[in-house]
Each structure stands twice: as structure tokens, then as C-alpha cells.
Amino acid sequence: QKSPNTITEVVELKMFENKMTQVKLAEELGIGKSKVSEILSGKRKPDISFLKGLHTVLKIDASFLLEHS
């Protein structure tokens with residue numbers, strides 16, 4: 001199994017592991033689900049608050065997030 005190379009891949013993996021939907025992730029991050037959807041589909045760049053939220057909520061490594069944002 002290859003390790004995830006993008007923020008979207010790692011977020012989707014963590015969401016799967018946590019049985020979390022995009023709606024639930026949006027609630028946890030305190031942002032709209034359309035923003036989550038746009039970021040994960042690549043239509044929108046992740047902003048700092050989104051990255052901080054991923055680090056806090058999904059426990060994604062901060063250096064990975066910085067390197068791939």
C-alpha cells in the first residue's frame with residue numbers, strides 16, 4: 001500500500017479510518033461543507049485555518065501539511 005502523497009489523499013485516508021464524512025469533517029473544522037469539498041477536489045487551495053484544523057482534528061503531521069500545501 002502506497003502512502004498518501006497529497007493533502008487530499010491523506011485527508012481521505014484519515015476520514016476513512018475515522019469513518020468520517022465530509023459533512024462531519026466540516027462540522028469538526030467549523031467550516032462549510034462546500035469549502036471542504038472544493039479543497040478536497042482541488043478547486044480551492046487549503047488555507048492556514050483549514051490546515052490547522054486538519055492537524056488538530058485528524059492528527060495529520062504538520063510538516064506533511066506544510067510541505068504539500
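Which side chains meet in a salt bridge at 2.9 Å, N to O? I began with this question on a model that is predicted.

**Entry 1, salt bridges.** I looked up the pair and found glutamate 28 with lysine 24. I then placed both residues: glutamate 28 and lysine 24 lie in helix H2, four residues apart, which is about one turn of the helix. I noted the general point that side chains of opposite charge can pair when their charged atoms come close. A search of the whole structure gave me three salt bridges.

I stayed with H2, residues 22-29, and looked at how it packs with helix H4, residues 48-57. I recorded an angle of about 105° and axes 10 Å apart. Angles of 65 to 115 degrees count as roughly perpendicular, so I put H2 and H4 down as roughly perpendicular to each other. From H2, I listed Leu25, Glu28 and Leu29 in the contact. From H4, I listed Phe50, Gly53, Leu54 and Val57. I sorted the contact residues by class and got five nonpolar, one polar and one charged.

I looked up the largest pocket and noted a volume of about 170 Å³. I wrote down its lining as Thr6, Ile7, Thr8, Ile39, Leu40, Gly42, Arg44, Lys45, Pro46, His68 and Ser69. I asked which elements give two or more residues to this lining, and they are helix H1 (7-17) and helix H3 (33-40). By class, I have the lining as four nonpolar, five polar and two charged residues.

Methods. Residues are numbered from 1 along each chain as its sequence is written. This is a predicted model: local features need pLDDT of at least 70, side-chain atom pairs count only at pLDDT 80 or more; totals for chains, interfaces and linings use all residues. Side-chain values use heavy atoms; hydrogens and water are left out. On a 1 Å grid over the protein atoms alone, a cavity is a set of points where a 1.4 Å probe fits but cannot get out, and a pocket is an open set with protein on both sides within 12 Å along at least five of seven lines; lining residues have an atom within 4 Å of a point. Grid points are joined across faces, edges and corners, and a volume is the space filled by probe spheres set on the points. Ala, Val, Leu, Ile, Met, Phe, Trp, Tyr, Cys and Pro count as nonpolar, Asp, Glu, Lys and Arg as charged, and the others, Gly among them, as polar. Axes are lines fitted to C-alpha atoms, for helices over the stretch in contact, and angles run from 0 to 180 degrees between N-to-C directions. Angles under 35 degrees count as roughly parallel, over 145 as roughly antiparallel, 65 to 115 as roughly perpendicular and the rest as oblique. Contact means heavy atoms within 4.5 Å. A salt bridge is a side-chain nitrogen of Lys or Arg within 4 Å of a carboxyl oxygen of Asp or Glu.
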